[in-house]
Amino acid sequence: MTDALHQDLLELAQEAARRAGELLRDGRPADLAVARTKSSPVDVVTEMDIAAEKLITGLISGRRPDDGFLGEEGARAPGTSGVRWVIDPLDGTVNYLYGLPTWAVSIAAEQDGESVVGVVAAPMRGETYHAVRGRGAWATGAWEGERPLACRPAPPLDQALVATGFNYVAEVRAHQAEVAGRLVPLLRDVRRSGSAAVDLCDVACGRLDAYYERGLNPWDHAAGDLIAREAGALTGGRPGDRPSRELTVAGTPGVFEPLQRLLEDFGAWHD
Ligand code: IPD
Ligand code: CA
Ligand code: CA
Ligand code: CA
């Protein structure tokens, strides 16, 4: 029963992510502008973020009217079925605004508060990643075909390629830049792609050794975190915690732990 439910949720999430991805890819206006800002003047929303969320919630609630929703652009419903959808309709809005290709649609389904299905579609890469709890993580795509995902064997920390991101609030950013500055000389290098969901999937694909960020919301990491874990990565927040607004870390075992300790030493979640 649970397996059949999870399969149904997966297929629905895949359909919603594919259709929203097509809308975003094919419907991007040439004169795309900022519709409004949120936490700061650089925290922007476009009409396409809103249109993609509408498409996803409309499709899912048409098929499963009793499910709950938590969407970045305002979808909120408690639901009565025990299933809640956690949706980032466009992760990487600033990239999308500028025409940079790293952005994604991220959809997770939670059952009784735990992520059981995660789908991240990255249309400009021609790749979609998915995971079902206990059934592994997979990618489908033009470049490498359909394949199971596995994170990389761990290098020593000074050979690790680690991604991060920056919050939209200036004071948080200033501290994040300080922490990143202390990490750079201790690692192979640092990347900032502009999409937390893509970063988490890149850990799952073995294209990054680890990723960390402070200040994420549940819709940024709900799907990517499950995909990374099902690919064998360790994920968490502050030592002993789950991914949170204070800190989200994902990494191949062997890089995750020393990175988490360094982030603790550097006070990554303090002001
Ligand atoms: C943002 C991206 C970015 C991360 C920010 C997120 P959005 O999401 O994931 O990479 O650094 O913290 O807020 O606003 O583009 O959906
Ligand atoms: Ca946003
Ligand atoms: Ca996001
Ligand atoms: Ca978003």
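Tutor: A residue is buried if 20 or more other C-beta atoms lie within 10 Å of its own, exposed if 12 or fewer, and partly exposed in between, with C-beta atoms placed from the backbone. The model is predicted, so local features need pLDDT of at least 70 and side-chain atom pairs count only at pLDDT 80 or more, while totals for chains, interfaces and linings use all residues. Residues are numbered from 1 along each chain as its sequence is written, and chains are lettered from A and ligands numbered from 1 in the order in which they are written.

Student: Which residues on the face of α2 turned away from its buried side are exposed?

Tutor: Helices (H or I, at least four residues) and strands (E, at least two) are DSSP runs, numbered from the N terminus. α2 covers residues 47-63, and its buried residues are M48, D49, A52, E53, I56, T57 and I60. Seen down the axis, these fall within an arc of 160° (taken over the directions from the helix axis to the C-beta atoms), so they line one face of the helix. The face turned away from them carries the exposed residues G58 and G62.

Student: What do the buried residues of α2 pack against?

Tutor: Contact is used here for two residues whose C-beta atoms, placed from the backbone, lie within 7 Å. By that criterion the partners of the buried residues of α2 are α1 (2-26), β2 (44-46), β3, β5, α3 (93-98) and β6 (104-111).

Student: What is the largest C-alpha distance among E72, D88 and D91?

Tutor: UniProt, in an unreviewed entry, places the feature "binding site" at E72, D88 and D91. UniProt positions are given in the numbering used here, feature names are shortened, and annotations may be inferred rather than shown by experiment. The three are spread over 20 residues of sequence but cluster in space, with a largest C-alpha distance of 9.5 Å.

Student: Is E72 buried or exposed?

Tutor: E72 lies in the loop between β3 (68-71) and β4 (76-77). Leaving aside neighbours within four places in sequence, E72 is in contact with I87, D88, P89, N217 and W219. Because 22 other C-beta atoms lie within 10 Å, E72 is buried.

Student: How many other C-beta atoms lie within 10 Å of D91?

Tutor: D91 is found in strand β5 (residues 83-91). Beyond four places in sequence, D91 touches W103, A104, S106, S195, A196, A197 and D220. D91 is buried, and the number of other C-beta atoms within 10 Å is 29.

Student: Which element gives the most to the side of domain 1 that touches domain 2?

Tutor: The chain is divided into domain 1 (2-148) and domain 2 (157-265), with bounds from an automatic or database domain assignment. The contact takes 33 residues from domain 1 and 24 residues from domain 2. Elements giving two or more residues on the domain 1 side include β3, β5 and β8 (127-132). The most, five residues, comes from β7.

Definitions and conventions:
Expected span 1.5 Å × (residues − 1).
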